Amino acid sequence: MEKVKVEGLNAYFSNIHALKGINISIKEKKVTAIIGPSGCGKSTFIRCINRLHEVVPHAKVSGRILFDGKDIYSSAIDPIEIRRRIGMVFQRPNPFPVLSIYDNVAAGLKLNGMKRKDDLDEIVEKTLKMAALWDEVKNKLNASGVSLSGGQQQRLCIARTLAVKPEVILFDEPCSALDPISTAKIEELIFQLKENYTIIIVTHNMQQAARVSDYTSFFLLGELVEFGKTQDIFTAPKDKRTEAYITGRFG
Amino acid sequence: MNIYKRRKIINAFMCSATFICATITLLPLISIFIYVLSKGASSLNISFFTHLPRPVGEPGGGMGNAILGTLTLIGLTCLWAIPVGVLSGVYLAEFGNNKFGAVVRFSADLLNGVPSIVIGIFAYILFVVPMKTFSALSGAFALGLIMIPTVMRTTEEILLLVPRTIREAALALGISQFRMTISIVLKTALPGIVTGILLAIARIAGETAPLLFTALGNEFWQRGIMQPIAAMPLQIFAYAISPFDDWHRQAWAASFVLITIIFLMNFISRLVIYLQRKSLKAK
Amino acid sequence: MLTALSVTALTLLLIYSMVTNALPAIQKFGWHFLFTSTWDPVKEIFGALPFIYGTLVSSALALLIAVPISLGIAIYLAELAPQFIRQPLSFLIELLAAIPSVVYGFWGIFGLAPFLRTAVQPFLSKYLGFLPLFQGQFFGVGMLTAGIILSIMIIPTISSISREVFLAVPSNQREAATALGATRWETIRLAVLGYSKTGVWGAVILGLGRAIGETMAVTMVIGNRPQISVSLFAPGYTMASVIANEFTEATGKLYLSSLVEIGVILFFLTLIINGIARFLIWKVSNKAKGRIRE
């Protein structure tokens, strides 16, 4: 089943052409990794999928992204709704520092009008458990979100994203600011999450891509060079440039 | 109504509310401009700048003495406040990275926050009481206390913007730190310091409260700095609370002149600061 | 070095000479000075309560009006306005800070006060007249007018500092909220306002400090009557105004000393307020620096 289908996607920052004619099809409840050297457009690409790219001044997008068959860039679609259904976890953990751990997770729910304490309590507990953070924070839910360690903050951000029940989760290099133990926990988590969610993860760490993903796509200079099953990409790349990159000859 | 629609409406409402806030704030500005322009500019003529005030009912008359008085006060103030302000600023920027520097910075901040009317009392106690007369000198002292913190902090900030490479180049030539500061760093920072001074002058030019019981005001041409002296803001105040239309017109005219001077200084100094920052950053 | 020392010396001298000159009044009236409202130069009985009341109420009123408007401006300028109008608009609003106080007062007498008397006060009294705040005669000049003038004068201060504080909020905070599906306003509320709460408080308190010390404009429009009245339409008097009006006429040592004491109160009040504001703003800039370092 395909969840997201990208057709002829171009993205620009003022006059820099950041993404050039990307076509890709993302399968439901699988993990798709995006790899490539820095500046190749990986982050820009996933930021187009939840319409976050256009928030930056002078940024433009053209082409189509079909989400469950509907173009998210058509004028009938509201980006607010898209961003709720396609969640995102960022490179650096960014919990809201003035909100407590509980309120960080509940933030998105409250925006959507959920007020009853019982409902909120239930979902906050459930999502914190899903993010494998519950046991560590259950006794200090009222502490500030930034009182946690970096890895815990990132899992808190994952819980915050999960709470609004997205269908797709975008991870933008979620482990690049974390130590190896925290990284392992997040990877474990991604592995569990794919049972219920479609996941796209940007990473510059090829081992990570190989460990967590089902499909891998290789970006270079704003173009999609190769896309296929992770196993195929890493064992038998078709393109010379992909081979050069995964064998560590550049990047 | 579903929650989603409600959120959209709140969003539209709040975003337009911020726009309205910005617009209604411009209303008083526009209104003041209209008053000052329509009532002030039309009352301007040569005699406004050259003549003394006349008693009520007599036509003509001007604010020559007040204009001269304001210029004299500004001159006198600059005479002591600029050296003190600039030198202290230089000291803070070059040698002020210690406890003493922190104390000086703190007292400048403190001085900056003192209400100008309180500064007036201070100048009264220090000058008017022992000299037994209101005077231009005491007025200039009060204005100087308002000017110094501004000049000092802008000087310091501008000097800190001077790139380290310039300092190091000078030091490498074997110049002592003191001479280097004076000759090279100060020269590079001069435009910025001058604009800081202009801004400070723009601020004191309109000050009234500290002059009320120092410079006091004077109906006639000034007779030396040990005597009471007229000033435009004082004259505006006196005329504004009088019941006479003639005097109101004079006060509008004076407001027009004062605002024009202040805005021009503000505008020039901002422009220069902007250009200076840009060129320093480019380097 | 010497000049820098002189700045500190002058500041200390200011405090010393103010306090010594206020001593006669402090010794004579003690704490009564703060809590009694007789102001009688003939019998030489002085109590500053009406002035303290006037200063506090007019400043509170100014904040009540200025804070929401300033925050609106700051949000608009930092978050919402199209790039090309940000600079000119903030320049125009900062021009408000350059207009001399005495010109504000003059405009207040002939522009604002008549407008309030004929248009705003009848309206308020008609629809909100059940509140004691909006009862009584319409004079034009009075507490309400003073509060409005003060609010106009402190808007540039509060809005420009708040704007700086908003611009210092890291963009990843905004992205976090936007990616959750927040609308533009929800993003501002969740990511920007929350993050910059401390700094905004600093800006507001700095504005309060300015309002409390403001003299000329208030003196010209508040009516200068030493009374405590619940109605905002009624005239009042502030600490700064009474000094401005009576200092040169003050005959008698005790009279003058009482006025100086009011100056001392004013001084310490603004000192404390500015201290709090600076501490809050300093805390924010430290936090910002800490973030860059991490």
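I started with the term itself: a helix here is a DSSP run (H or I) of at least four residues, numbered from the N terminus. I also noted that this is a predicted model.

**Entry: the cavities.** I looked for cavities of 30 Å³ or more, and the count came to 2. The largest cavity has a volume of about 40 Å³. I listed its lining as B:Thr70, B:Leu73, B:Ile74, B:Leu143, B:Ile204, B:Ala205, B:Glu207, B:Leu211, B:Ala231 and B:Pro233. Which helix of chain B gives the most to this lining? I found that helix 3 of chain B does, with 3 residues. The lining residues divide into 8 nonpolar, 1 polar and 1 charged.

**Entry: the second largest cavity.** I read off about 30 Å³ of space here. Residues from chains A and C line this cavity, among them A:Met88, A:Phe90 and C:Leu180. Helix 6 (150–163) of chain A and helix 7 (171–179) of chain C each supply at least two lining residues.

**Entry: a helix pair.** Next I turned to helix 6 (residues 136–161) and helix 8 (residues 177–205) of chain B, whose axes are 9 Å apart at an angle of about 150 degrees. Angles over 145 count as roughly antiparallel, so I put helix 6 and helix 8 of chain B down as roughly antiparallel to each other. Helix 6 of chain B passes helix 8 of chain B in a right-handed crossing. Their contact includes B:Leu143 and B:Ile146 from helix 6, and B:Val185 and B:Ile204 from helix 8. I noted that the contact residues divide into 14 nonpolar, 5 polar and 1 charged.

Note on methods: Residues numbered from 1 in each chain as written. Chains lettered and ligands numbered in written order. Predicted model: local features only at pLDDT ≥ 70, side-chain atom pairs only at ≥ 80, totals over all residues. Heavy atoms only, no water. Axes fitted to C-alpha atoms, helices over the stretch in contact; angles between N-to-C directions. Parallel < 35°, antiparallel > 145°, perpendicular 65-115°, else oblique. Left-handed = near helix turned anticlockwise from the far one by under 90°. Contact = heavy atoms within 4.5 Å. Nonpolar A, V, L, I, M, F, W, Y, C, P; charged D, E, K, R; others polar. 1 Å grid on protein atoms, 1.4 Å probe; cavity = no way out; pocket = protein on both sides within 12 Å on 5 of 7 lines; lining within 4 Å. Points joined across faces, edges and corners; volume = space filled by probe spheres on them.
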